[in-house]
Amino acid sequence: VIGIFFLEMAAEEHLFESASPRRVPITLTHVQYDEGDLLGMVLAWFSLLPIFILVGFVTLITFRRDLHTCCFLAGIVANEGINFVLKHVIKAPRPSNTIYTHSLFVEYGMPSSHAQFMSCFATYLVLFFFIRTKMLYLWKGLLSCLVIAAMVMVFISRVYLGYHTYAQMLCGVVAGAMFAWLWFAVVHLGLSPWFPHISSWKISEYLLLRDMSLIPNVLWYEYTAIRMETRSRMRKAQ
């Protein structure tokens, strides 16, 4: 009887595996898609956008040392901490129809960390574009549409790949947007006035931290400053 039972279990497992497409992961990640599904592969790469954004943050802080960028990253990290707490308080499972939930590090899915991350990132950037920058409104609108489109693509990818439900993604979007509004107000109204003072601290001078909030066009300022310094050194060399 026991032998027959195990044979039946093995047969059912074989039928299930043969009926379902084989899942293949993107190298060095745990994002999976159906083998041969080109749309799934593209969306899987979009699902990795938060990782690329974090790498961009580290690069910017390493080479720019801007206090506002540091505060932006601190808000992103705090947003992830809130997501972790919410997941373990709500304890809502991921979609039951997925066949690879055992490969995930986090078993809970409400709210989606990807949706909350991208919503926080996009909302903060849109507020930054329209309140802090001096760009033309056309550029503000185009850049805002770009970051919102990136957020939407991550939203679609997580649902399409079966990692989250629509409700879990929407909950993440709302939570991320609410925190972004709050954190932007804290940075813009509470911390920014202190940036000139903070940048003068000894530890800030040692770490080369700087305040660029009063410079309307950082790229143009850096370009002209480097060009003037280059010409000055060329004249001294002659």
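Start by selecting Leu 208, which sits in the loop between helix H9 (202-207) and helix H10 (218-237). In this predicted model, Leu 208 has a positive phi of about 65°, although it is not a glycine.

Now look for another residue with a positive phi. Select Arg 65, in the loop between H3 and H4. Arg 65 is not a glycine either, and its phi is positive at about 60°. Is Arg 65 buried, partly exposed or exposed? Its relative accessibility is 26%, so Arg 65 counts as partly exposed.

**Step back to the whole chain**

Colour the chain by secondary structure. Followed along the sequence, the pattern runs α-β-β-α-α-α-α-α-α-α-α-α, so keep an eye on where the two strands fall as you trace the chain.

The accessible surface of the protein chain comes to about 15,200 Å², and carbon and sulfur atoms account for 72% of it. Of the 238 residues in the chain, 39% are buried. If you take the contacts between residues at least 6 apart in sequence, 65% of them join residues at least 24 apart.

**Into the core**

Hide the surface and select Phe 57, Phe 72, Ile 76, Met 118, Phe 121 and Tyr 124. These belong to the largest nonpolar core, which has 28 residues, and they touch the most other members. Which elements give two or more residues to this core? They are helix H3 (49-64), helix H4 (67-90), helix H5 (113-131), helix H6 (137-160), helix H7 (166-191) and helix H8 (195-199). H5 gives the most, with nine residues. As a general background, nonpolar side chains in soluble globular proteins tend to be buried together.

Zoom in on Phe 72. Leaving out residues up to four places away in sequence, Phe 72 touches Phe 57, Phe 121, Tyr 124, Leu 125 and Trp 183.

**Two threonines**

Stay with helix H5 and select Thr 123. Thr 123 counts as buried because its relative accessibility is 17%. A polar atom of its side chain lies 2.7 Å from the backbone oxygen of Ser 119. Setting aside neighbours within four places in sequence, Thr 123 is in contact with Ala 177, Ala 180 and Trp 181.

Then move along to Thr 133, in the loop between H5 and H6. Is Thr 133 buried or exposed? Thr 133 is buried, because its relative accessible area is 15%, and the cut-off for buried is under 20%. Which backbone oxygen does its side chain reach? The side chain of Thr 133 reaches the backbone oxygen of Phe 129, at 2.3 Å. Not counting residues up to four places away in sequence, Thr 133 touches Phe 128 and Lys 140.

**Last stop: a nonpolar patch**

Bring the surface back and select Leu 38, Met 41, Val 42, Trp 45, Ile 51, Phe 52 and Val 55. Together these residues make a nonpolar surface patch of about 660 Å². Helix H2 (38-46) and H3 each supply at least two of the patch residues, and H2 gives the most, with four.

To finish, pick out Val 42, which lies in helix H2. Val 42 counts as partly exposed because its relative accessibility is 39%.

Technical notes: Residues are numbered from 1 along each chain as its sequence is written. This is a predicted model: local features need pLDDT of at least 70, side-chain atom pairs count only at pLDDT 80 or more; totals for chains, interfaces and linings use all residues. Side-chain values use heavy atoms; hydrogens and water are left out. Buried means under 20% relative accessible area, exposed over 50%, partly exposed in between (1.4 Å probe, protein chains only). Contact means heavy atoms within 4.5 Å. Accessible areas come from the Shrake-Rupley method with a 1.4 Å probe; for residues, only the protein chains shown count as cover. A nonpolar core is a set of buried Ala, Val, Leu, Ile, Met, Phe, Trp, Tyr and Cys residues joined through side-chain atoms within 4.5 Å. Patches are made of residues with over 30% relative accessible area and no salt bridge: like charges are joined within 9 Å, nonpolar side chains (Val, Leu, Ile, Met, Phe, Trp, Tyr) within 5 Å. A salt bridge is a side-chain nitrogen of Lys or Arg within 4 Å of a carboxyl oxygen of Asp or Glu. A polar contact is a pair of N or O atoms within 3.5 Å; within protein, one must be able to donate a hydrogen and the other to accept it, and residues adjacent in sequence count only if both atoms are side-chain atoms.
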